[in-house]
Each structure stands twice: as C-alpha cells, then as structure tokens.
Amino acid sequence: MPDQAELLPGTLDLLILKAISLGEVHGYGVLLRIEEISGGALMIQQGALYPALYRLEHQGLIESEWGKSENNRRAKYYRLTRAGRRRLGEEEANWNRLVNAIGAVLRARPQEL
Amino acid sequence: MRVPGSPALSGLLARLRSQWRGVFRRADVEAEMREEFEHHIALRTEDLIRRGLSPSEAARRARIEFGHIESHSEAARAARGLRLFDRLGVSWLDVKLGVRMLVKYPWLSLVSVAGMAVAIAIGAGGFGIIYALMDAPLPLDEGERVVSIQNSDVTNPGSPDRRAVHDFLLWREQLRSVHDLSAFTEDVRMLTIPSGGSHLVEVARMTASGFRVARVAPILGRPLLDADERAGAPPVLVIAYEEWQSRFGGDPAIIGRTVRLDNTVHTVVGVMPEGFRFPVDHRYWVPLRLDPAAYELGGGPEIWMFGRLADGVSLEQAQAELTTIGQRMAAAHPETHERLRPWIRPYTHAFVGVDSPARAWEYRAVQIGLSLLLIVVAVNVAALVYARTAARTGEIAVRTALGASRRRVVTRLFAEALVLSLAAAVIGLSIAEIGFEWIRVLATREVGELPFWMDLRLSPILIAYVLGLAVLAGVIVGVVPALQATGRSVQGSLQRLSSRRSGMQLGRTWTTLIVVQVAIAVAALPYALYSAGRFARSAAAVPDYPVDEFVHASFSIRGDAVPADPDTASYEAAIAARFAASAAELLRRIEAEPEVAGVAFASHYPGSERVGQIEVEGAGTRSPVWFNQVDVDLFTVFGIPVLAGRGFVQADAAPGANTVIVDRAFAEQVVGGGNVIGRRIRRIERGEDGTGEVEVGPWLEIVGVVPTFTPPPPFESVAPKLYQPLALADVQGPLHLGIRMRPGAAPASFVGRLRETAHAVDPALRFVDLQPALQEVRGRREGLIILAVLIAAVTASVLLLSAAGIYAMMSFIVATRRREIGIRAALGADPRRILTGVFGRAARQLGGGVLAGLLLAEAGLRAVGGSWLRGEGAHELPIVVAIMVAIGLLAALGPARRGLAVQPAEVLHED
C-alpha cells in the first residue's frame, strides 16, 4: 500500500464533487473512485462520507435518485447539478491557485529574494 | 436570452426542498439514510470477501470501518439543516393538531385567516410590484452587472439632467470601471415599408455598444456596429423578431431590404431573437450619432446612459471613479457642471422614476409599510388566540405536569399558529396573483408594453417573502401568547385547574389592550370608510357632456427640439415659439378632418382642473376654486349652454381683456348667488419660492355663467370652476385638446391617425395622453372602484378583527370575575348593582378607547389639513363607535349573567 496522505481540511467536498462529476455514482462508489484515482493515497473515513454528501445535496450542488446497483440492490445515485458544476470549477481554480502559490514559495531560493 | 435561476436561488430552493422533506417526511428520510448505510456496508463486505476474508470477518471489518452509525446519522441530520427543527421539535403531529384546532374553532379561524389573508395579499402585492419594477434581475447574461449612469442635479433633486452628450463622450473615453458605456434616446418615426404601408413606430437610437452590453446576438444578420455611428455611414436598422414576423411577414430575405424611417432610407441589417426588447421595451434600433461639435456644453439631445461594470469592480468603486471625473469636470466648467453629480446605480432604477436616493427610500418605505399592516393584523389575531390559549391553561398545565417542557408546549402552540398563518398565506398569494393578472391586462391596455425585465408574477423570491411573513405572523400569533401562558408556575395552574378557574390574571394589560384596540379602530376606520365611500361615489359620477363623441389628446414638445442650452432665456422663447406654431398647424389639420365636428384646446382637460385661491371684490374672503384656461370656442365644442351673460369671443383672449366665465357652482358657492355678471374677482397665488408671499393677479370681470358639467374630485362635494380665455400663442407646457367627432365616426380609429398627423406636423411633438374620452372615463372609474374595494376590504378585515378581539378580551375579563360576582350575589348584593358595576367598568374601558381614538383621529386629520368635525368621516364615526361599544358590552353581558346565575354554594365549594 502506498503512503497515505492526510486529507487537508476543506478538501473533502472538492474531492466528492470531482468524483461525482466523472459520472453518476452511489456513495460507496464515490469512495472507491477517490481511492482508485489517488492510487490509494487518499483514504476517506467511510461513515464521514455521508454527512458530506447530504450537505452538498442540501446546498443544491448535487442531486440524487434511487436506482439499482451492481449487486442488484436498491442504491442511491448522485449526480452534479448546474450549481455543483459551477462550484467545482471555482474550487478547482482556487485549489490550483493555492498549489501554485505554495509551490512558488517552496521553490524560492535565497538569491531570488 | 433568459438565464434560468441564479445559483443563490437554486441553492435556496434546494435547501427549502431538503428541509421540507426533513420535517414532513421525516420517517422516509431516516429510512432511506439507513438503507444507504446498509448498502454501503454490504458492498464493502463483498469487497473484503473478494480480498480473502471470511464472510463473518468481512462483515465485522466493514462495520468497524464504517464507524458508529448513530453518530453518522446525527452528523447527516445536522448537514441537512434539521438540527434546528429537532431542537424546536416541530413535527407532523403538531401540524395535524394545528389543523384540528383550525376546525375546532371555526369562527376564530375564519376571522384570523381572513384578516391575515387580506394583509398578506396587500403586502405581497406591494412587494411584488416594487420588486418587479426595480429589484428583479435583468434577464440578460450577468444582468446584475448592467448599470445606469446619469447626472443628478443637486439644485433640482429628482430630475436628472439628461443633456449629457459631452459627459458621455468624456466618460466613454476615461471611465475604466464601466465597459461598453452606451447611450440611447427614443424617437417616434414613420416607418414606411415598400408595398407594406406606413406605421408610427418607437425607435431606440442607440450606440452600437448597447448590443454588447445586452450580450444577445441577432438571429439574422448583424447588430449595430461602431462603424454605423460614424458621420456619412449608410443608415441601417435592426429590428425585433416580433416586428419581423408581423410587419415583414417573416421574410427570409429581410437582410438588405430597405425601408424608410420618416424621409430617410434605411437598410435592415439584423433581426434580434424572439422576446428581445431593449433598452426598455424597444423593438427598432438605429445607430445614435453624437457629434460634440454640434452642441454646446449642456446642450444636445436627452440621452439615457448605461454600461457593464468591469470584472471585479463593485458599484461603489465605479461610483468613486465617476465622482472623481465629475469633480474635475465641475472644476473646469463650473457654469454648467457645478450643480451636477454623476450617479451610477442598478440599471432598472433609471427607468422607473428612482431619480434620487430619497426616492429609492420611498419605495422601500412603501414595501416595509405594507408588510407592517400584517403585523398590526397579527397582533390582533394574537389577542384572539391569547384568549383561547388562556382558556386552555388547564390543558397546558396537565401536559407540563406529564413531562412536556415549556419549549415543547410553546412549539405546539407555534405550530397551531403557523397553520393559521400559512392558510392565510396561500389565500393571500392567490389574491395577489389575481391582482397581478389584472395589472398585466390593464398595463398592456393602457401602456402597451411593460419594460423587458418586468415579470409581474409569483416569483420564488415573492413566495419566500410571503413565507417569511407567515412565519413572523406565526411567531406573533403563537409564540407570544404561548410564552405568556406558560410563564407561570405550573403548580399554581394545576391548583387553579382543580378549582376550575383560569390561571391567567390579566387585569391591567388587557384593559390597556382593549383601550388601544378601540382607540385604533375609532381613529383609523371611519376615515378609511369615508375615503372608500368618496371613491365609490366619485366612480359613479359622470361628466355632463357627450363623452362618447370625444377624443382627449394632450401633447407637449420634446425638450431637445431646439439645440440651445435649456438654462438660457433664448431657449425658453425658442421652444415656446416652436410649440405654438406646431400646435396651431396641428389644430388646423384636425379641424380639416371630415370626421371631426370641432376641436377646442385648454390648459387642463375639463374635469382635471388645477385648484387655486381667489378673492371676490367687496367680499374680502378667499375661496378655493378650480382654474382652467380655455379656447374661446370650448363651450361651443363641448355643447355647454351659457346660462347667464355671454360666452367668450375672440377679443377675450387678447392681453388685458381680463374677462372670465364661471360655472353655476362658482356663482352659488363662491359669489353667493344672485346676478353675478359684472362682479369682479382676482387670483391669489403663493410666491414661487414657497415662503407664503402672496402675489395678487389683476381684477377679472365675470361675463358669463355656464352649468357645472364635470363631477368634482373624490374628496370634494363641489368644485367651483373658473374659466379664463386662452390664446394659442400664450400656451406653455402640455396642451389638452377635446376633439369632438361627428355622429357615426369612431373615436378609437381616429386616435391612430391623429398620432400620424401630429408626427407629420412636427416630429418633436409628443403625446402625453391620447385616447377616446370614454375610455379615459372608464379607466378612471375602474381605478377608483379598485381603490374603494381595496380600502373597504382592509377596513372590513381590521374592523372584524378588532371586534372579535374586543369580544374575546372583554368576555375573558368578565369570566375571570365570575366567581367574585357569584360570591357577591351569595352575600346578598343587589344583582342590578353588580351588573351596573360590571358594565360600568366595561363602559369605562370602551369609553376611554373611544375618547383616545377621537383625539388621535382629530390629530391625524389636522396634520393633513382636515377635521372630522368638518365632516370627513363624521357619518362613519358613530357607526364604528357603536359597533365597538355594542360588541364590548355584548361580550360582558354573557359572562356577567352566568356569574349571577352561579349558586353561592357551588362557588364556595370550588375552593
């Protein structure tokens, strides 16, 4: 198992929105998707996922519908709303700005000051 | 072009939906959550089994990994915003019980719901109209960033200076915080389509940048381009989809076709998409050419300016930049710009008369004031509910003793009140929607087209606002009495319960409430009833001339019809001369029409005269009379006979003639009857600075008397009229024409032709009003009836509520004294004395209220220059007082009689 990175506070919503943006998915699928894409580096505490999902739904960023899952059981599928897509775009931009800024600071050398 | 739903709005709706489910379908929500958790754990278990764990170990691991289900459920509830509801403890059961209470007390429910529904309808109507006019988001891409700019004139607040060609060009060059600064002005032009006839159309002359601000692309051809604005560029025209369909038959080869606007040939270069009207309600666009060299500073056409805020710039930042530029301009050109303040604000405000910050506040005050009406009504309902709650003290005490917390009891009572107020909200919104529909129909008929952003219907914002109002009413009606009722010791309540007495001792508070209630009813309602009566009576009155044969036209001339700076004397003279010449030519052409029997002009249309003061020679008294300056032929054209003396002749209109004609009401009321011919009067006017200095006109001789042929305004029983002769050359400002059609001619079809005739005479002539007189009379009548019905509905609901409130409070007070009455009767007191005592007290409370109300009413009326002693509301006042007193005494009678009927032994036994 690769080294696991600690999830930064406030990034869970971004990860969930991104995972859902890749296609309709149920709760457990969100978890698997994040783990798979991050190569197992990002692990989310399983139960903690649901309050976050409900909060996003409550805010109108995602919506849900009941359907059948791969094991033929009733499962709730989530998808992004228009507002969710817009929010994801904003959060991604924010994140990239932050990463660039921190990267620039970390790359700085004494002669550049 | 419409952007469906803003993110904030869709977020709000999602929250409301989620909370609605959480409250009313709680069991379903909880079950679904459990099912989702179990599904998750099952999938995880299967995964772990696939990785080699035994089924039992996999199930155990999956549960451990998932964590504590209860704490996740709790966190999930919090995420859905249901914590608040959990804390409040409102449940479906409370709502059901609320509905049951509604049915159990039908009269209370009916009175409360009816009263609140009327108040909510009025609050929602006012909010909705003002919101649609000035606050609604523009249905354009990022519409909230489109702004209007204008020069406010500090010496004349509320009338912006629109002759700002030089400022516009300077701002367009310098202003960084607003992009695509645009300007437009509107014109009426004769559109002539080869083989398609001619029509008058309203054209927006707009800078090409206006289309960039709108961010709407044409469906055919191109929008206006900057190149079109250059001098010498070929004239082009962009048209709306609807005009393309109706006037050009949807011709697919429309682009490149030529039409004439007045005498200039224009090429159609673009068709805008369906529904696009811009900048206000315009459907034809031609380029606006602004040549600064052609105008002096402060001159030129009147223009409206707008643009888009640059990215990341706030309205305040843009204003700051504009102010700086304005200050530089004022320093450089103090003679024209010292009094001007450039002002940037939300787009819609420029077009709905919000021409100063004070005006914006006025709109807000109306919005808030109308909402306050509901609070007044809700307080009344609260008093009613309070009496019911008081009667349920025992039930509350038992429930408390059985373990219900105070919060739980208050919540239950709040839920009951919420059912009442939500029922009222639904009815109120329905009434408001009916009102909106009526306004839409009326506006389409009277104004033609509403501004493109105005969408008068039940919007989500309006519904949210009404729900907010309903919750507020629920709090006032439910929570306040509940806190009062539960604020006492349960022990005491239980004891009193066992002795069958109510636990709420209300004494002074209730006495005060009754006095205040009666006072408000007496102070406000008679005048309201009186007003409703006056409006209804005025609606029924009809003018005494053949209204159906007349067309009423009033017109003025555009302020920019002459190029000079309007602050100069030469401008005044030039514009007056042009108006007089154009009006004379228009009159000549109207008279030449074969369908027209006659035409007369006046400074005011008969029936809409201006009030002023006159003095009668020798009498020394001053009287208000209604003035009109009229064409010497007016009485002949209107078919009004001369009752005494003579009619006007041409010589009367000459300077220094100083003759007047009065109507019969004037002769009888002002001069005092008898032979008034030859008597002299003079006008008395306040000085222009408004300091009360009196300017006295020359003595004018009465040469004739005519009948009173138009009804007085709503609040006057008579309106004595004074007619002075008017020569066309002396006319200033709008001129009113009464055009009498020959029998058989249709006034309605003449109206359209008249517009074209006027345009042909002088394109700068502008109609302020043009319609068949009958239509105008009907419109006015409809307006008055609506006003009367509205006032009567509000008055009736407040009267009903006040009466019910007084009944409830009075009967409750006397009921609490039932035992005392019983004991006094048992000890041998004379029943008549006891009753006198009870009624005496009730009468004192009611009398105090009536007296306070009378003083309040008189003070209020005096403040606006009236007095009920002089008759305003004098007839209605005794009715309201009688209703209040009768209800109060009636309410005292029942409990008092029951008190007297109590057996002494029974009363003593109760302890």
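## Chain A overview

Of the 113 residues in chain A, 31% are buried (20 or more other C-beta atoms, placed from the backbone, lie within 10 Å of the residue's own). The model is predicted: local features need pLDDT of at least 70 and side-chain atom pairs count only at pLDDT 80 or more, while totals for chains, interfaces and linings use all residues. Residues are numbered from 1 along each chain as its sequence is written, and chains are lettered from A and ligands numbered from 1 in the order in which they are written.

Chain A has four helices and three strands; helices (H or I, at least four residues) and strands (E, at least two) are DSSP runs, numbered from the N terminus. Read from the N terminus, the order of elements is α-β-α-α-β-β-α. Of the contacts in chain A between residues at least 6 apart in sequence, 52% join residues at least 24 apart, a contact being two residues whose C-beta atoms, placed from the backbone, lie within 7 Å.

## The sheet of chain A

The three strands of chain A make an open sheet, ordered E1-E3-E2, with antiparallel pairing; two strands pair if DSSP finds at least two bridges between them. E1 (25–26) and E2 (62–68) of chain A are at the edges with a single partner strand each, so one side of each has no neighbour in the sheet.

E2(A) and E3 (residues 74–80) of chain A run antiparallel and are joined by seven bridges. Within E3(A), Lys76(A) is the bridge partner of Trp66(A).

## Where chain A meets chain B

Contacts between the chains involve 21 residues of chain A and 25 residues of chain B. On the chain A side, H2 (27–37), H3 (49–58), E3 and H4 (82–107) each supply at least two residues. H3(A) gives the largest share, six residues.

By class, this side of chain A has six nonpolar, nine polar and six charged residues. Ala, Val, Leu, Ile, Met, Phe, Trp, Tyr, Cys and Pro count as nonpolar, Asp, Glu, Lys and Arg as charged, and the others, Gly among them, as polar.

## Nonpolar cores

A nonpolar core is a set of buried Ala, Val, Leu, Ile, Met, Phe, Trp, Tyr and Cys residues joined through C-beta atoms within 7 Å. The largest has 95 residues, of which Met116(B), Ile120(B), Val518(B) and Val522(B) touch the most other members. Helices supplying at least two residues of this core include H7 (106–135) and H18 (507–540) of chain B. H7(B) provides the largest share, 16 residues.

Neighbours within four places in sequence aside, Val518(B) is in contact with Ile806(B), Leu846(B), Gly849(B), Val850(B), Gly853(B) and Met884(B). Another core, of 55 residues, lies apart from the largest one and includes Phe555(B), Phe638(B), Ala667(B) and Phe750(B).

Definitions and conventions
A residue is buried if 20 or more other C-beta atoms lie within 10 Å of its own, exposed if 12 or fewer, and partly exposed in between; C-beta atoms are placed from the backbone.
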